[in-house]
Amino acid sequence: MAARPCLSFSRRLRVAARPRWFSCARPVQADVTHAVVGAGVVGLAVARQLAAREGTSTILLERHDAPGTETSSRNSEVIHAGLYYGRDSLKTSLCIRGKEMMYDLCARQGIPHINTKKWIVAQTEEQWAAAQRVHAHAQDIGVPTRLVGREEAQHREPDVQALAGIVESPTTGIVDSHSLMTYLQGDFEDRGGDCAFLTRVTDIEALNGGRDGYRITAQSGSGGGETTSIVAETLINSAGNFACAINNMVLPDDRHRTPYYAKGTYFSYAASRPKTSVLVYPATLPGHGGLGTHLTLDMGGRLRFGPDVEWVDSADDLTPSPDRLQQALGEIRAYLPGVDTDAIALDYCGIRPKLGRGGAVNSGTGFQDFIIQEEDGFPGFVNLLGIESPGLTSSLAIAERVEGILHGSRQP
């Protein structure tokens, strides 16, 4: 579905918002019930969830001219199983719940997706020990995994090398993230919600500490257009790489956050062989910022590799570096020894919005869970920070959780 014409921020409000009073104890009139900042896949899912509530109005503010132009469109498009994170973490619970919801939604709405399965491959005894820990953890949290023997591996995927062993995740898959976001946007608008694209939030004032809502000031247009303010009863910060900036507009100095950016480079593959039907991930050792330079598939079955991890200073640093390709080749050859290295090329980059330089795939030192919370002392302000992988998989469950925080609905 094509995006609606991009009206100005103020025009959007006149078209879509349904003003309502808070209560007799709240003298400030709100323009909308819910304002969601950031139209990535998580923001779209949250806005869609909230727009379904009777008697409410929801607006989705996005600084770009279309939804999902940052992290949501620059990832591996993997439906993760929920294998890597601590038992009691939000990343685990929301990934598992979100995976179930994602498969169900895609099946019902005809959103392209494939249950590809995933192999975690180990080449050394150290990697195999790490893979076995993932397997044991998966059994503990109720996520299916199984060990794949050499004979089965050779029969199913003869081009994949795993010198020390393989753990299979049968519930991992891929989804066409663009089709998913198109559906979420369309369903959000069908439920009465409205998107304000090319709308950059420049200031937020918590009225009476948020008890009277939040005055959001935004600038419309790509070249610095008109500035408009609205009041929203509730504010949901789903701004991805810009989320710390939104956080810092609302909260006092001692609760400000510093963003960190983990750049990941992806690589295309132009040859038809070797070939796999499963995703292939190297066993990950503690302390890494990602899941290694893995092999994924697009909806046409074409191989692609990445992302790697490179710490950068700006979320706008999206230029692929030839040096990253040379560093990735060794890791790719380890599990796909027949790969034609001349057919591997730089493709695109994405940025993971992180809250520190720790590893994302362990629950020990440096692990950073999702932050999804109503901020203390600021009623109605729900912060979504550090929503990196498995954010795509978790998006529908995150939306469910945000509704629960604001309205007391059931949460996973």
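**Close-up views of a predicted chain**

The chain holds nine helices and 22 strands (DSSP runs numbered from the N terminus: helices are H or I of at least four residues, strands are E of at least two). This is a predicted model, where local features need pLDDT of at least 70, side-chain atom pairs count only at pLDDT 80 or more, and totals for chains, interfaces and linings use all residues. Residues are numbered from 1 along each chain as its sequence is written, and side-chain values use heavy atoms, with hydrogens and water left out.

**View 1. Overview of the chain.** Of its 412 residues, 57% count as buried (under 20% relative accessible area; exposed is over 50%, partly exposed in between; 1.4 Å probe, protein chains only). Take the contacts between residues at least 6 apart in sequence: 72% of them join residues at least 24 apart. Contact means heavy atoms within 4.5 Å.

**View 2. Helix α2 against helix α6.** Helix α2 spans residues 41-51 and helix α6 spans residues 177-190. They pack at an angle of about 30°, and their axes are 9 Å apart. Axes are lines fitted to C-alpha atoms, for helices over the stretch in contact; angles run from 0 to 180 degrees between N-to-C directions. The two helices are therefore roughly parallel (under 35 degrees; over 145 is roughly antiparallel, 65 to 115 roughly perpendicular, the rest oblique). The crossing is left-handed, that is, the near helix is turned anticlockwise from the far one by less than a right angle.

**View 3. Residues between α2 and α6.** From α2 come V41, L44, A45, A47, R48 and A51. They meet L180, M181, Y183, L184, Q185, D187 and F188 of α6. By class, this contact has ten nonpolar, one polar and two charged residues. Nonpolar covers Ala, Val, Leu, Ile, Met, Phe, Trp, Tyr, Cys and Pro; charged covers Asp, Glu, Lys and Arg; the others, Gly among them, are polar.

**View 4. An open sheet of three strands.** The order is β5-β10-β6, with antiparallel pairing. Strands pair if DSSP finds at least two bridges between them. β5 (78-79) and β6 (113-114) are the edge strands, each with a single partner, so one side of each lacks a neighbour in the sheet. Two bridges link β6 to β10 (residues 173-175). I114 has I174 as its bridge partner in β10.

**View 5. Strand β13 and its partners.** Five of the seven residues of β13 (residues 214-220) are buried, so this strand is largely enclosed by the rest of the structure. Seven bridges join β13 to β12 (residues 199-206), antiparallel. There, D203 is partnered by T217 of β13. Six bridges join β13 to β14 (residues 227-237), also antiparallel. Q219 stands opposite T227 in β14.
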